[in-house]
Amino acid sequence: MASNDSQVPAIMRQGKIAPWLYLLPALLVMTAFIVYPGLNTFLLSFRNNANTGWAGDNCVAGQTCWGIFENFHYALTSEIMLTAFLNNLKWIVFMVTGTVILGLLIAVLADRVKYEPIAKAIIFLPMAISFVGAGVIWKFMYNFGTGETQIGILNAVVVALGGKPVSWLTEPQINTFMLIIVGVWMWTGFCMTILAAAIKGVSTEILEAARVDGATEWMVFIRIMIPQILPTITVVMTTMVINVLKIFDIVYVMTGGNYGTEVIANRMYKEMYSSFNTGRAAAIAIVLILVIVPAMIFNIRRFREQESMR
Amino acid sequence: MNKKVWKMIAVMAILSMAIVACKPAATPTAAPVVQPTAAVVEPTKPMAGAIDCTGVTAGDEISMLYQWSGTEEAALNAILKPLVDACGIVIKPESTRDQALLDTKVQAGTPPDIAFWNVTQLIQYQDKLQPMDVLGANANNYASFFTDPGTINGKWLGLPVKADIKTIIWYSPVVFEAKGYTVPTTWDELDALVEKMVANGDVPWSMGMESGDATGWTGSDFIQDILLVQQGPKYVNDLMTGAVPYNDAGVVKAYETYGKWAMDPKYTVGGAQGTLSTGFLDAIYKVFSDPPEAMMVKQSGFAGGEVAKQYTDLVYGTDFDFFPVPGAQGLQGGADWMMAFNDTPAVRALVAYLSSELGGANWAKATFDLSPNKGANGNYVDPSLIKKGAALAETKGFTSDIGDTIPGGFGSAEWTAIVSYVNGGNLADALAAAAKVQAEALK
C-alpha cells in the first residue's frame, strides 16, 4: 500500500487542505447566496423599516412594544399574521394529504393500465405550467360573472344545474380551499412520480407470495405495499410540507391575499414590496425559516435512514 | 435501474427545495451620496417657447425609469422630441411597472437620472433627490396644490408632469336621455337620481374593484370622493397628515354611504360579491355594454380611453361622457411625478423644458392625459381632455390619493379595510386596523 501512495502526485493526496480546495467553489457560492443573505436578513429583522436604527423605533406610543423584537411582535401576533398562520395550516393539512393520497392512488392505479405513461404524463403535466400561469387559468375557471353568462366553467356548471353562481374566490369560508385545489392540481404529479417509482421497487416476489396465500388486492396494498414504501411517503410528505409553507404564487396571483386568504410568504412580499417595511419582512422571513427548519431536519433524517436501509 | 433514476430525481428535487427554502431577503446597501457634478449656475430664464440647452453637449445621456409603455411611451417621446432635437440629448429609457426595480437601483447606488413615479417615492427618497428649484424648474407654472405635495420638508423634490382626475362619473348620455335621467349637479340630486334608477329597475352603479393584490383601489377612490363631498379637502389633507385618525366619524360616514351602494345588488352590479370579484376594467365596460348592466361608473379619467378601446364604435360626447362628482369640494387626482437623482446639464435642460410653458403646451398636444403645467391650458386637442383640463384649471383644490400619500403600507391597509367591510366584516374593526397603520406610518 505504501508504495502505491508514493506514486500518487502530492496534490492529489487526501491531506488536510485538498478536500477544502475541492469544496471551495461550492462554499463560496453558498456563502455568497445563502449564508450572507441569511445573516443579513437575521440582522435586518431587528432593524427598523428604513434600516436606520433598531426595531424599537417602530413602536407606537401607548401600545405594547417588544423593543428590539418589535418586528417579531408584528410577525407573531398581528391579526393578519395570525390569519396567515391559520391559512398555512389549512394548506399543510389539506394540500399535503390531498397530493399524497391522490398521488398514491394514481400511482397504484396507473401501474395496472396499459397506457401508464400517457396517464402519468397527463397527471404530471400541470407541474410544467408556471404557478402564475396556473393561477391565471384557475382564476378564469372560478370566474364569477354578474351578468347572465358565466365565463367561469365552475359557475357555468352550477348555473346549468339550476344553482346560483358563487363568487368562489371572495367567499371567506371556501376561498382558501379553492386555492388549495389549484395547489393539489399542480403538485399531485410530483407526488405520483416519486411514489410510483417506490411502488415499482416493491419486489414482485413478495406481492405474488401474498396473492398466492390468498390476500385480497386491498390487503396487499395496505399490508405490503404501504409499509414497504412508507419511508418514501414520509419523504414526499415532508417535502410537500416545506413546499406548502412557502406557498406564494397561487395566492398572490388569484386573490393577492385578500378576502382572508393571506399566507406567510405573501405577507412577507407585501411588507417588503408594497409597504417597504424591510424589518417586518425580514422578521417574517426568519419566522418562516424557523418553521421550515424542523421539517427539513426531519426530512433529511428520514432520507438518511432510507438510504442506510438499502 | 428505473428505481435509481427516480431516487436521484427525488434527491435533486428535495435538495433544490432545500436551497430555495433559505430564500434570501433583499439586502439593501448604503447608496453613496450623489454629488452634483455641475457647478451650481444661476438658472438663466428661458424665453417662453425657447428651449434652454445651457451646458449640454450633444450626446449627453439621461437615463430614465418610468411605468409607461406602448402608446404612452410614444406620447412621451413626442413630448421630449423638441428637447432632444434642440440639445442633442440622448434619452436612455427603461420601462417597468415593477417598483422593486427602482428600489433596487436606488439602494445599489445606481439610480436613473430621472424617474417618473408616485408621490410616495418623493418621501421615500427625499435624501437622495435633487431639488427642483436648484435644477431650474419654473414654479410659476404650477398651482400651489401641485407644488405642495412635491415639497418634502421644505424641499421641492418632485415635478408633477402628468395628472389624471378621479372625481368624475362616467355615463352614457344616450341611455340617460332614453330613460329620462338628467346629470345631477348636487349630491342630493345624485342621491335622488340613484333612487329613481332603482325604482325604475335599473342598476345605478357598477362598482367592481378587483385588481389582483391592489384590489380595493377603486373603492378607496370612491370613498375619498365621498369625503370631498361630505367633509371637504381640508379633512382629506388632515387624514394624510394624521391630524384626523382614519376611524374618525367622518370616515365612518363615508364608508357607510359607500357601503350602502357597494353591498346591495339593487344599487350595484352583483351586490357585494360583484363589487369584490368584478375587475375594475369590466366594471367600466358594464355601463357601456348593450344592454347596459349599470347606469354609471365612478372611475378616473382613463376610463374614457378604455371605453373607446373596448367599444370602438362608441363616440365620446354622445355614447360615453362624464360629469364631475356633484358637490365635491375640490378634485381628487393622481399625478406622475418627475424626480431627479442626478444633477447634470442634460437633466437641468429637461427639467427646465418640462416645467416651461412650451413643455406644458407640448404635453397637452401629445394627448397624454392632463398636464398640471399651466402652459397646457387651451392646448388640448382631445375633446375629453379639453373638458377634463377645464375642470382641472377651474378647481379650487386638488388632493392626491390618501393611500398613495401615506407611506408604510397605508394604501394596502386602506384597501384591506374596504375589502373586508364590503365582504361583510365589521366596519369599526376594519377602520381601526387601518387607523393603526396610519398612526404607525405618520408618527
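Chain B holds 19 helices and 11 strands; helices (H or I, at least four residues) and strands (E, at least two) are DSSP runs, numbered from the N terminus. The model is predicted: local features need pLDDT of at least 70, side-chain atom pairs count only at pLDDT 80 or more, and totals for chains, interfaces and linings use all residues. Residues are numbered from 1 along each chain as its sequence is written, while chains are lettered from A and ligands numbered from 1 in the order in which they are written.

Of the 443 residues in chain B, 50% are buried. A buried residue has 20 or more other C-beta atoms within 10 Å of its own, an exposed one 12 or fewer, and a partly exposed one a count in between, with C-beta atoms placed from the backbone.

An open sheet in chain B contains three strands in the order 8-7-9, with antiparallel pairing. Pairing requires at least two DSSP bridges between two strands. Strand 8 (296-298) and strand 9 (321-324) of chain B are the edges; each has a single partner strand, so one side of each lacks a neighbour in the sheet. The twist from one strand to the next averages 30 degrees. Axes here are lines fitted to C-alpha atoms, and angles run from 0 to 180 degrees between N-to-C directions. Strand 7 (residues 168-171) of chain B pairs with strand 8 of chain B over three bridges. B:Trp170 has B:Val297 in strand 8 as its bridge partner.

B:Trp170 also belongs to the largest nonpolar core, which has 193 residues. Such a core is a set of buried Ala, Val, Leu, Ile, Met, Phe, Trp, Tyr and Cys residues joined through C-beta atoms within 7 Å. B:Trp170 is among the members that touch the most others, as are A:Leu195 and B:Met339. Helix 8 (residues 175-201) of chain A gives the largest share, 16 residues. A:Leu195 touches residues including A:Gly103, A:Ile229 and A:Val236, not counting those up to four places away in sequence.

Between the chains, 39 residues of chain B are in contact with 47 residues of chain A. Helix 1 of chain B supplies the largest share of the chain B side, nine residues.

Methods: Contact = placed C-beta atoms within 7 Å.
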